[in-house]
Amino acid sequence: MLAATWFVAYSAVLPLTQVAWGLSAREAGMIQAGFHLGYLSSLFIVGFIADHFGAKRAYITTGIAACLSPWTFVLFADGFASAFWLHALTGLCQGGTYTPALALINDHVARERRGRAMGYLIAGSSAGYAIALGVAGLALQFTGWRGALACIASLPVVSWLLGVYVLRGTRNLVHARPAGESLLASLPAVWRNRRGMLSVWGYTFHNWELLGLWAWLPAFLTAALLAHGMRPEGALLFAALTYVANIAGSIVGGTMADRWGRVPTILLWSCASLALSFSIGWLVSAPIALLVALACVYNFAAIADSSTHSTVLAESVPAHYLGVAYAVRSVVGFGAGVVSPVVFGWALDLAGGARTSTDALAWGVAWSTLGLGALLGPVATLRLRKTR
């Protein structure tokens, strides 16, 4: 939960840094994309580390960089170029908080409870996003955007200390590979695994939508609140409320996957979030209560199938190359997450949407780019149903 707080730190202050640095919507999206680019690179690297050295050891060792790197952005970001490269650096150091945690759950939780366990992990991340936005909203009442980021950056440090403590009695498992098989041989094995790759592609289209949503929802709510004469800090508190819906969505989705099956759960929630991608932007001028309620439902639906994608992949590949499978998924899946915030910002600029615009056409077109990119997700999931 605390490790995840930095993931939305930039989104929390995006409207303020846009003004301070004179950024276009495309440039603002590129800074977030830089983080995702660094993050997917780190996930690829950490996947191999987790397979070779064990998930516990990978989690604790790489966590040092994860908790210290945000301070480089807090102290030195001062414009588009520096913010892009420093945020990419923080992303490059965050992979150890995710892939090894998934592997730890797969190693130590029985299959009949694994979907819910993955759901609780994703729920913890969502709680971290809510905490980050809430902390930023409160901090901005007393300090500027840099001070708010400093408050958020202190939380991953606490996370690493807690991680060392709670894992002190957990075994570090290293799964043996077949005799003569190198670690790199796991890469083609993952690509040949039909069920695993269908899961990867489903996750990729899911990530296009989800990471674009997380990058732009605070700015969208800020624009809506300003149009209603409210302070922009209120948007962060409302956005934090929508991440609370993420917590419920992760737990409900994981529990449903254990009870009613992996594929039906993914299909239900992916189609529900698609419907909201194509509709919420056109409602930017709707009453705030309605808009926040829709944002909560959107976040609930968009995250509800996330843990199930992770569970399906874990159950589709042998344990000795699960870390590499997650690494492949990270490159492909988070690669989509790198692109979608930029495409969103580009569409917003192209459609004439200013930074605080409430033009329904501009926001409607921008949000629809997330839906268009996610359309193939249910198709990959339907094909997953036909595999054994």
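What radius of gyration does the protein chain have, and why does that value agree with a compact globule? Taken over C-alpha atoms, where the globule rule is 2.2 Å times the number of residues to the power 0.38, the chain has 20 Å, which agrees because a compact globule of 388 residues would have a radius of gyration near 21 Å.

Before going on, please keep in mind that this is a predicted model, in which local features need pLDDT of at least 70 and side-chain atom pairs count only at pLDDT 80 or more, while totals for chains, interfaces and linings use all residues. Residues are numbered from 1 along each chain as its sequence is written, and side-chain values use heavy atoms, with hydrogens and water left out.

The C-alpha trace spans about 65 × 45 × 30 Å along its principal axes, and the protein chain holds 17 helices and zero strands, these being DSSP runs (H or I, at least four residues, for helices; E, at least two, for strands) numbered from the N terminus. Of the 388 residues, 61% count as buried, that is, under 20% relative accessible area with a 1.4 Å probe, protein chains only. Where contacts (heavy atoms within 4.5 Å) link residues at least 6 apart in sequence, 83% of them join residues at least 24 apart.

Let me finish with helix α17, residues 376-385, whose buried residues are Gly377, Pro378, Ala380, Thr381 and Leu384. These residues lie on the same side of α17, because they cover an arc of only 160° around the axis, the arc being that of the directions from the helix axis to the C-beta atoms. They pack against α10 (194-227), α12 (262-277), α14 (306-314) and α16 (360-374).

Methods: Buried < 20%, exposed > 50% of the residue type's maximum accessible area, 1.4 Å probe, protein only.
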